[in-house]
Amino acid sequence: MLTRSKKDELVSGLKGDIDKANAVFLTNLIGIQSNDAVEIRKKIRDVGGKVVVTRNTLFEIAGKDTKCSGLLANLKGPTAVAFAFDDAAAVAKALKESGKSLEEVSLKGGVLGDKVLSVQEVNELADLPSRDEMLGTLLATFMAPVSALARVLHSVGEKKGESGTEEKAE
């Protein structure tokens with residue numbers, strides 16, 4: 001049983017996590033094996049997130065007067081909250097991928113910035129490429145003209161080399 005001081009400590013920690021997080025997602029980790037839960041927590045921690053499971057009333061108290069007040073109010077049933085401190089899409093993707101292999105894990109909604117997201121919007125966010133993939137695409141886009149110019153200059157140099165060799169042979 002939690003004492004009042006432990007509850008206050010937990011609520012203040014949750015408030016701090018809500019304030020620091022770029023995004024917050026509701027999910028469920030109840031009913032899955034402990035090894036699977038540890039694996040999900042590790043995936044989320046690896047992409048800059050955190051998962052917390054506690055009583056719904058504590059989530060509601062922690063969410064009061066924050067950007068998540070609507071999301072965390074009146075929660076029913078087993079609930080886990082995933083916080084995304086870095087890449088929101090990566091945390092949503094980790095939860096969605098876990099839901100594919102474990103039917104107990106499902107996305108129930110979320111908050112991105114100050115916007116409350118529906119389940120469909122969270123799934124769309126999970127389908128986005130990760131931050132690293134987007135940066136790679138952007139870099140490739142920036143480098144495309146430079147690499148095209150390099151290929152053209154290289155082929156011009158090869159053609160000049162070929163024509164110069166033929167002239168000397170004749």
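## Phe 25 and its surroundings

Leaving aside neighbours within four places in sequence, Phe 25 is in contact with Ala 80, Val 81, Ala 82, Ala 84, Ala 88, Val 91, Ala 92, Leu 95, Gly 109, Gly 110, Val 122 and Leu 125. These contacts, like every feature in this report, come from a predicted model.

Phe 25 belongs to the largest nonpolar core, which has 24 residues. Together with Ile 40 and Leu 95, Phe 25 is among the residues with the most contacts inside that core. Two or more residues each are supplied by strand E1 (23–27), helix H2 (34–46), strand E3 (80–84), H5 and H6. Helix H5 gives the most, with six residues. Apart from this core lies another, of 17 residues, which includes Leu 14, Val 24, Ala 62 and Cys 68.

## The sheet

Strands of a sheet pair through backbone hydrogen bonds, either parallel or antiparallel. Here, five strands form an open sheet in the order E2-E3-E1-E4-E5, and their pairing is antiparallel. Strands E2 and E5 stand at the edges with a single partner strand each, so one side of each has no neighbour in the sheet. From one strand to the next, the twist averages 15 degrees.

Individual pairs can be followed across the sheet. Strands E2 and E3 are joined in the antiparallel sense over five bridges, and Val 52 has Val 81 in E3 as its bridge partner. Four bridges join E1 to strand E4 (residues 109–112), again antiparallel, with Ala 23 opposite Leu 112 in E4. Strand E4 also pairs with strand E5 (residues 115–117) in the antiparallel sense, over three bridges. In this pairing, Gly 110 has Leu 117 of E5 as its bridge partner. Strands E4 and E5 form a hairpin with two residues between them. In the turn, Gly 113 has a positive phi of about 65 degrees.

## Helices H5 and H6

Two packed helices are described by the angle between their axes and the distance between the axes. For helix H5 (residues 88–101) and helix H6 (residues 119–127), the axes come within 7 Å and cross at roughly 105 degrees. The two helices are therefore roughly perpendicular to each other. Helix H5 makes the contact through Ala 88, Ala 89, Ala 92, Lys 93 and Lys 96, while H6 contributes Val 122, Asn 123, Leu 125, Ala 126 and Asp 127. By class, six of the contact residues are nonpolar, one is polar and three are charged.

Helix H6 is also placed against the sheet: H6 lies across E1, E4 and E5, and runs at about 90 degrees to E5.

## Two loop residues

Is Thr 54 buried or exposed? This residue is found in the loop between strand E2 (49–53) and helix H3 (56–63). Because its relative accessibility is 19%, and buried means under 20%, Thr 54 counts as buried. Not counting residues up to four places away in sequence, Thr 54 touches Leu 10, Leu 14, Phe 59 and Thr 79.

Pro 78 is found in the loop between helix H4 (69–72) and E3. At 41% relative accessibility, Pro 78 counts as partly exposed. Leaving aside neighbours within four places in sequence, Pro 78 is in contact with Thr 27, Asn 28, Ile 30 and Lys 108. Pro 78 and Asn 56 are 22 residues apart in sequence, and their C-alpha atoms are 7.9 Å apart in space.

How values were computed:
Residues numbered from 1 in each chain as written. Predicted model: local features only at pLDDT ≥ 70, side-chain atom pairs only at ≥ 80, totals over all residues. Heavy atoms only, no water. Axes fitted to C-alpha atoms, helices over the stretch in contact; angles between N-to-C directions. Parallel < 35°, antiparallel > 145°, perpendicular 65-115°, else oblique. Contact = heavy atoms within 4.5 Å. Nonpolar A, V, L, I, M, F, W, Y, C, P; charged D, E, K, R; others polar. Core = buried A, V, L, I, M, F, W, Y, C linked by side-chain atoms within 4.5 Å. Buried < 20%, exposed > 50% of the residue type's maximum accessible area, 1.4 Å probe, protein only. Pairing = 2+ DSSP bridges.
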